[in-house]
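This report examines selected features of a protein structure. Please consult the sequence and the structure while reading.

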Amino acid sequence: MQTIVFLMYTSTFALADLPDYRFPDDFVFGAASASYQIEGAWNEDGKGENIWDRSLHEHPDWVIDKSNGDIACDSYHKYKEDVQLLKNLGVNFYRFSISWSRILPTGKTDQINQAGIDYYNSLINELLANGIEPYATMFHWDLPQPLQDEGGWPERKTADYFIDYARVLFENFGDRVKRWITFNEIIQICEGGYSGGSFAPFIKNPGIGGYECTHTILLAHGKTYRLYDSDFRGKQQGQIGISIDSFWHEPDYLDRETDQQASEIDLEMNFGWFVNPCVKGNYPDVMIERVKKNSISEGYNRSRLPEFSPEEQEMMKGTYDFIGLNHYSSDKVYLAVDGAGDHPSHWVDTGVIRYQDSSWPDSACSWFKVVPWGINKLLVWIKNHYNNPPVFITENGFSDYGQHDDYVRANYYKDYLYEILKAIHEQNCNVIGYTAWSLMDNFEWMSGYTLRFGLHYVDFDDPERPRTRKLSSYVYNNILTTRHVDWDYYPDWPPTQDNTKQIN
Ligand code: GBE
């Protein structure tokens, strides 16, 4: 079965005679993870409680397999082993996230948890000792619970607490961390957490909560960037970006004007929403207009979308050294009937219907199918809309239910990386790095441990949480060491002494 899927799936690219593009010399490769998804040790050594701890302890049945991140991959104790995985993978960097509650148990600077500082110092030093650059995400969804008790991200003061936290990070780790990502996927934090209620803290306030949350986070991002400029950049010489997730939204019928409009509106309202303020200082015009129009027709006397003051727009403009892009899949879009759906909501404001073509290959996630050309089109769109900024792919990867012989994941990486090569060589896109999600199987949020994204297999039934290499880890290693996509390369399988030997 596996083989049949694999043969059907590779046919498009593997059989064509394609240019053998190379990754530029300064292009870097890495792998990613996130604190709540891998660390475990949820209450050890002075760590405070965060919103995922609280929500999933109170509502275990909200996760498919009733699991949580209490132990996860136990990386808090096994980080040295994880660094060896990275070393064998041959990557230039590791993108991990820092647990705010491990550093500041109350979320505020009244208590600094030295054990938390020590843990990340050990991880960072171990990475550097093994020739791997530490790239740190400051916030990958695990807000300290005490800050949620005061209202969380929709409250503007949460931005001030974040900036205090960011300062602690720069002071303690900025001598060695040269790439920072302030936030991971604002739309998931805000629409998931404060509009739709599908992610912690599971609050439902559609059409309002997500906009307020986003506004706070964008201000927190901008001010953190400015803090780095004023107090740290001179001596630390690093870079700061933000990771925004987006699908490519293909017009349902390529030559139908309303479908092209749908694609453009969707990208502006769900990607530009976050990127436009960092690049140009404000939300996209089309978003400002649409939310205002709907708000007025709903009886509000002003827009539900918060406004940046002129000073804030100046502050926000240009607050990125690179745009982090998390990309997994694509969909097709057409315009919804104007105003259709339950009001108020960001989805009604967007006014676009999305679907995934049934002919596209599946992953284990209901929300994504394999569409390699989508990343190419999205990169071109970004180049055209933001004057070809440096784009760092901060996540890309594939989910399955399988074990170690993950040919489909290996082929996903080949196909997506080749589309990135095309964007660089044929369309002149400024893509500077690539990050595989994920280093290893981990706690996949509401899907628990039921599906897997890892380049390494983790046995969650074993208390030791042993990690083992999957086939895809050899393929990824082959791509980043040879610096091109070799369609014929697969390691001997099951692994033998000489794993780098080509098949045939
Ligand atoms: C990233 O999010 C996250 O940064 C990372 O933490 C995560 O492990 C990784 O992707 C893999 O998911 O009702 O079935 O449609 C949709 C990617 C859930 C963005 C899908 C969660 C998109 C966030 C649920 N979404 N995803 S549904």
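Is the disulfide of cysteine 190 and cysteine 213 left-handed or right-handed? The sections below begin with this question, and the model they describe is a predicted one.

## The disulfide

A disulfide is a covalent bond between the sulfur atoms of two cysteines. Cysteine 190 belongs to helix H9 (residues 186-195) and cysteine 213 to helix H10, so that the pair, 23 residues apart, links distant parts of the chain. The torsion about the S-S bond is about -65°, and the disulfide is therefore left-handed.

Both ends of the bond can also be described by their accessibility. Cysteine 190 counts as buried because its relative accessibility is 0%. Cysteine 213 is buried as well, with a relative accessible area of 0%.

Cysteine 73 takes part in no disulfide; its nearest cysteine sulfur, that of cysteine 365, is 16 Å away. Cysteine 73 has a relative accessibility of 0% and so counts as buried.

Cysteine 429 is likewise in no disulfide, and the nearest cysteine sulfur, belonging to cysteine 278, lies 20 Å away. With a relative accessible area of 6%, cysteine 429 is buried, because the limit for this class is under 20%.

Is leucine 218 buried or exposed? Its relative accessibility is 0%, so leucine 218 counts as buried.

Which residues does leucine 218 touch, if neighbours within four places in sequence are left aside? The contacts are Ile186, Trp273, Phe274, Pro277, Cys278, Tyr283, Phe308 and Met316. By comparison, the C-alpha atom of leucine 218 is separated by 40 Å from that of proline 463, which stands 245 residues apart from it along the chain.

## The packing of H16 and H17

Two packed helices are described by the angle between their axes and the distance between the axes. For helix H16 (residues 407-425) and helix H17 (residues 471-482), the axes come within 7 Å and cross at roughly 25°. Angles under 35 degrees count as roughly parallel, and H16 and H17 are therefore roughly parallel to each other. The crossing of H16 past H17 is right-handed.

On the side of H16, the contact is made by Tyr407, Arg409, Ala410, Lys414 and Leu417; H17 contributes Leu471, Ser472, Val475, Tyr476 and Ile479. Seven residues of this contact are nonpolar, one is polar and two are charged.

Terms used:
Residues numbered from 1 in each chain as written. Predicted model: local features only at pLDDT ≥ 70, side-chain atom pairs only at ≥ 80, totals over all residues. Heavy atoms only, no water. Buried < 20%, exposed > 50% of the residue type's maximum accessible area, 1.4 Å probe, protein only. Contact = heavy atoms within 4.5 Å. Axes fitted to C-alpha atoms, helices over the stretch in contact; angles between N-to-C directions. Helix = DSSP H or I, 4+ residues; strand = E, 2+ residues; numbered from the N terminus. Parallel < 35°, antiparallel > 145°, perpendicular 65-115°, else oblique. Left-handed = near helix turned anticlockwise from the far one by under 90°. Nonpolar A, V, L, I, M, F, W, Y, C, P; charged D, E, K, R; others polar. Disulfide = S-S within 2.5 Å.
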